[in-house]
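Have the model open as you read.

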Amino acid sequence: NNVYLWSDALVVLQWLSSPDIDSAYVHRRVVAIREACPGAILMHVKSLDNPADIITRPVQVDKFIKNDLWWRGPNWLIEKKSNWPIQEVEYNLSPPLVNMQSININIAIVKEFEISFNFKDESIQTLLQISMVDRCLELKENSILNFFDTYDFTRSMRVLIYVFRFAHQTMFHKNLNKSFGNIYLSNLGQFEFAKLKAILIMQTECFSTEKLILDSGKNVSFGPCRGFGLRYDKLGVIRCTTIAVQLDPLNDLGPILVAPKHPFVMSYIYSLHYHSNCASKNYTLNRVRREIHGPGLKVMINQLVRRCLICKKHRARYLRFAYPRPKPLPIFRTKFLAPYVACGVDLAGPYKVIDGLSKIKVWITLFTCLVTRAIYLVLVKDLRASTFFRALKELSCRHSTPLLLLSDNATNFAATNKVLKIISQHIPEFEKSEGLTLQWKFIPVKAPWTGGVYERMIGNLKTNLDKMNFGQKINFEEFREHIYECERVINDRPLQQVGDKEVITPAMLLYGRKLGGGGTLSSTCVDNLLEDSKY
């Protein structure tokens with residue numbers, strides 16, 4: 001009544017018994033076997049007794065016809081089960097598994113994984129209590145997380161995940177008769193779990209005094225963290241209460257208290273800077289303060305940005321010169337009606353992208369609001385006036401119709417201006433009297449410096465594209481995705497500092513909030529998850 005699956009490959013038997021398989025190729029075949037043979041029993045057999053092993057090697061026809069192993073199988077197979085080969089390891093085709101319907105990076109997932117990772121065990125308690133001593137911030141070589149100085153943040157987190165995974169499997173092998181445990185969590189959940197434990201270890205190493213004060217139910221009223229409004233969250237992480245918590249509804253928990261000189265924190269800050277397309281110091285500071293906060297954070301960010309090799313290459317200049325004193329802004333730069341009512345426009349390119357089996361040239365049409373300094377990018381495939389007119393119509397539909405355009409004397413701009421003048425002759429008089437017609441201002445010929453308001457944005461766009469592409473050959477869809485990412489980064493750059501901690505960005509003037517770093521869509525695990533057959 002039982003179905004037995006015999007194999008001489010130990011690796012295959014391990015795959016069939018594993019609930020967590022990283023390779024999508026292996027995962028699809030394991031699922032097919034489990035669906036075809038539910039409840040089957042896995043058994044190991046030597047290669048000499050495996051009939052399927054015969055046809056994997058060259059064999060002559062006359063010998064194959066007379067081969068008893070192929071036609072009748074091994075001799076012990078017809079005997080009693082007690083005479084079968086002894087199985088040194090028991091394999092299970094249906095390992096214990098708890099299916100999680102939705103995997104969200106929140107408190108529930110961390111708690112669910114922490115249930116299976118029983119931290120009441122004495123060996124795990126010893127691991128976490130090693131660091132419960134008072135240490136100075138400068139003594140980072142004594143930290144148990146000092147390997148974050150050796151590798152990048154993602155690789156170091158992978159090492160930490162392997163450490164916790166090894167301890168997890170060791171506990172279940174000890175307590176549950178060598179079975180793998182009773183829960184399966186995705187790689188994304190394990191990453192957040194390891195990140196949480198690294199934060200707790202860092203706070204225990206660097207803020208032991210503050211933890212004692214908070215544990216006693218008092219407020220921290222002295223030391224470098226006295227003005228941060230420290231408090232515990234539901235997971236036991238120390239967080240700060242700042243003005244940003246009240247202004248940003250998406251981050252109601254508050255930034256996490258960190259020690260900027262800790263190796264884990266330095267690696268995390270550099271990772272945020274690198275994945276923000278190596279943005280400026282102010283942008284990185286604004287991005288980091290949404291998640292973490294601590295004494296001396298601004299100084300540490302300045303040092304990390306100065307040491308960034310990619311930023312050093314793009315900061316290098318052959319000649320330094322003093323900029324002239326700026327003149328007063330014209331009236332259309334200060335009179336605020338609505339975003340993109342007064343725009344500067346220019347084209348960047350050409351860029352070569354892959355389209356099918358050939359390469360094509362594309363250009364980027366850049367519209368920059370002269371008041372909010374926000375940009376809007378449209379990807380075009382030629383420089384005809386009709387193509388630019390469609391890009392201008394896209395800006396009008398997505399945001400607002402511009403009433404003033406500032407540009408150079410390109411032929412497609414001049415041709416579009418002529419068409420708009422012809423169209424304006426048929427506009428009713430009351431719209432002309434209310435100033436609803438588009439006016440085009442051209443800069444002087446052979447004087448590109450007079451269009452610095454949009455040339456500066458072209459420079460920022462090219463710098464971000466160079467950091468993102470690194471000269472790689474990409475297709476049209478990938479290039480358009482890079483364009484959208486550059487638009488988000490540039491529109492989220494700081495314009496003016498308000499107070500000590502808050503800044504104004506073009507995105508705040510457009511949408512009333514910060515755009516942020518992309519959240520789950522920017523996670524480094526997204527590409528790996530999308531390649532998995534389950535998604």
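## Aromatic pairs across the chain

A residue counts as buried when its relative accessible area is under 20%, and as partly exposed when the value lies between that and 50%. Keep that cut-off in mind as you look at this predicted model.

The structure holds 19 aromatic pairs. One of them joins Trp 6 and Trp 76, whose ring centres are 5.2 Å apart with planes at 55 degrees, so this pair is tilted. Trp 6 belongs to strand β1 (residues 4–7), while Trp 76 sits in the loop between α4 (68–72) and α5 (107–116), so the contact ties together parts that are 70 residues apart in sequence. Trp 76 counts as buried because its relative accessibility is 14%, whereas Trp 6 is partly exposed at 25%.

Tyr 351 and Phe 479 form another tilted pair, with ring centres 5.4 Å apart and planes at 40 degrees. This pair also links distant parts of the chain: Tyr 351 is in strand β7 and Phe 479 in helix α20 (residues 476–491), 128 residues apart. Both partners are on the buried side of the cut-off, Tyr 351 with 17% relative accessibility and Phe 479 with 2%.

## A cluster, and charges over rings

Which residues form one aromatic cluster? They are Phe 147, Phe 148, Phe 153, Phe 191, Phe 264 and Tyr 268.

Rings here also meet charged side chains. Arg 29 lies over the face of Tyr 25, at 3.7 Å from the ring centre. The charged end of Lys 381 sits over the ring of Phe 476, 4.8 Å from its centre.

## Backbone details worth a look

The peptide bond from Gly 349 to Pro 350 is cis, with omega near 5 degrees.

Where in the model is Arg 373? Its place is the loop between β8 (358–369) and β9 (375–380). Arg 373 has a positive phi of about 65 degrees although it is not a glycine. This arginine is buried, with a relative accessible area of 14%.

Lys 446 has a positive phi too, of about 60 degrees, and is likewise not a glycine. You will find Lys 446 in the loop between β11 (439–442) and α19 (452–469). Is Lys 446 buried or exposed? Lys 446 is exposed, with a relative accessible area of 77%.

Technical notes:
Residues are numbered from 1 along each chain as its sequence is written. This is a predicted model: local features need pLDDT of at least 70, side-chain atom pairs count only at pLDDT 80 or more; totals for chains, interfaces and linings use all residues. Side-chain values use heavy atoms; hydrogens and water are left out. Helices (H or I, at least four residues) and strands (E, at least two) are DSSP runs, numbered from the N terminus. Buried means under 20% relative accessible area, exposed over 50%, partly exposed in between (1.4 Å probe, protein chains only). Rings of Phe, Tyr and Trp (its six-membered ring) pair if their centres lie within 6.5 Å; planes under 30 degrees apart count as stacked, over 60 as edge-to-face and the rest as tilted. A charge sits over a ring if NZ of Lys or CZ of Arg is within 6 Å of the ring centre and within 35 degrees of the ring normal.
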